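Visitor: I am new to this structure, and I would like to learn how to read a few of its features one at a time. Could you show it to me and then take my questions?

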Amino acid sequence: MGEKQGVYAASVAPLHVAPLHVLMLPGLDGTGRMSTSFLSALHAHGLTTQAIALPAQGAQDYATLAEGLWPRLPHGPFVLLAESFSGPLAVELAMRHPPGLRGVVLAATFARRPVPLPAAGAALLSPAWPMPPVALLARLLLGRWRTREDLSMLRDALAQIPAATLRQRAAATLRVDVRALLPQITVPTLCLQARQDRLLWPPSVAELQALLPHARHVALEGPHLLLQACAEPAAAVVAGWVRALPTAD
């Protein structure tokens with residue numbers, strides 16, 4: 001009798017379901033080097049993670065980048081997380097309906113040009129246009145959250161990428177417009193905004209809220225580089241949301 005009870009108990013025990021894999025598309029530097037702390041924080045919450053580097057050579061427009069990244073997407077269930085520059089890229093990829101895609105996280109990002117400059121302004125980003133000093137970029141991207149470690153991290157990440165590539169990516173942000181694609185996203189979506197974002201034009205944030213009314217929108221205290229400066233609280237929000245997603249259709 002006791003043996004039968006043991007068999008029955010085992011048969012009705014809940015099955016352990018592994019959490020969804022999180023695939024991260026990094027910001028303008030495209031390396032993922034600046035996301036180590038955030039990915040470690042997600043890992044501490046029990047999630048498996050990977051940052052996929054953007055190609056450092058070749059065309060840097062969103063359509064070309066999406067074409068190159070498509071074959072590198074996981075075959076199993078995953079969540080696509082994109083920050084800043086890569087937000088429109090995630091939208092482009094989501095519209096191709098990867099079989100394993102279960103959710104999209106858009107962090108401190110935009111659907112069209114993030115600054116109040118016309119698309120024609122992309123032509124101004126010529127090879128002769130100098131990159132801003134790292135100290136100035138840190139002030140813009142990190143604000144009062146910047147530290148010496150952040151400055152070093154930012155400097156190292158940018159040093160890995162040709163200046164011409166960074167200029168091409170900056171120009172691509174002025175030309176992109178994926179607003180028409182946002183209502184077509186069919187998987188659950190989480191939008192993270194930084195309350196002290198000095199880079200994104202406020203209408204860019206408002207557009208995401210208006211065009212993704214069924215998404216979960218969360219605003220956290222922090223600068224544009226939210227995932228770097230506020231890794232722990234951002235990871236807690238993302239991990240809680242990811243764990244609530246279904247792993248199958």
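**Reading the features**

Guide: Let us begin with Ser 204, which is found in helix H8, residues 202-211, where helices (H or I, at least four residues) and strands (E, at least two) are DSSP runs numbered from the N terminus. This is a predicted model, in which local features need pLDDT of at least 70 and side-chain atom pairs count only at pLDDT 80 or more, while totals for chains, interfaces and linings use all residues. Residues are numbered from 1 along each chain as its sequence is written, and side-chain values use heavy atoms, with hydrogens and water left out.

Visitor: Is Ser 204 buried or exposed?

Guide: Buried means under 20% relative accessible area, exposed over 50%, and partly exposed in between, with a 1.4 Å probe and protein chains only. Ser 204 counts as buried because its relative accessibility is 2%.

Visitor: Which residues does Ser 204 touch, not counting residues up to four places away in sequence?

Guide: Contact means heavy atoms within 4.5 Å, and with that sequence limit Ser 204 touches Phe 110, Arg 112, Arg 113 and Pro 114.

Visitor: How many aromatic pairs does the structure hold?

Guide: A pair of aromatic rings is described by the distance of the centres and the angle of the planes. Rings of Phe, Tyr and Trp (its six-membered ring) pair if their centres lie within 6.5 Å, and planes under 30 degrees apart count as stacked, over 60 as edge-to-face and the rest as tilted. The structure holds 1 aromatic pair. Tyr 62 and Phe 85 form this stacked pair, with 4.9 Å centre to centre and 25° between the planes. The pair links distant parts of the chain, 23 residues apart, since Tyr 62 lies in helix H3 (residues 62-69) and Phe 85 in the loop between strand S3 (78-83) and helix H4 (87-94).

Visitor: Why does Phe 85 count as buried?

Guide: Phe 85 counts as buried because its relative accessibility is 1%, and Tyr 62 is buried too, with a relative accessible area of 4%.

Visitor: Where is Arg 102 placed, and what does its side chain reach?

Guide: Arg 102 is in strand S4, residues 101-107, and is buried, with a relative accessible area of 12%. The side chain of Arg 102 reaches the backbone oxygen of Pro 99 at 2.9 Å.

Methods
A polar contact is a pair of N or O atoms within 3.5 Å; within protein, one must be able to donate a hydrogen and the other to accept it, and residues adjacent in sequence count only if both atoms are side-chain atoms.
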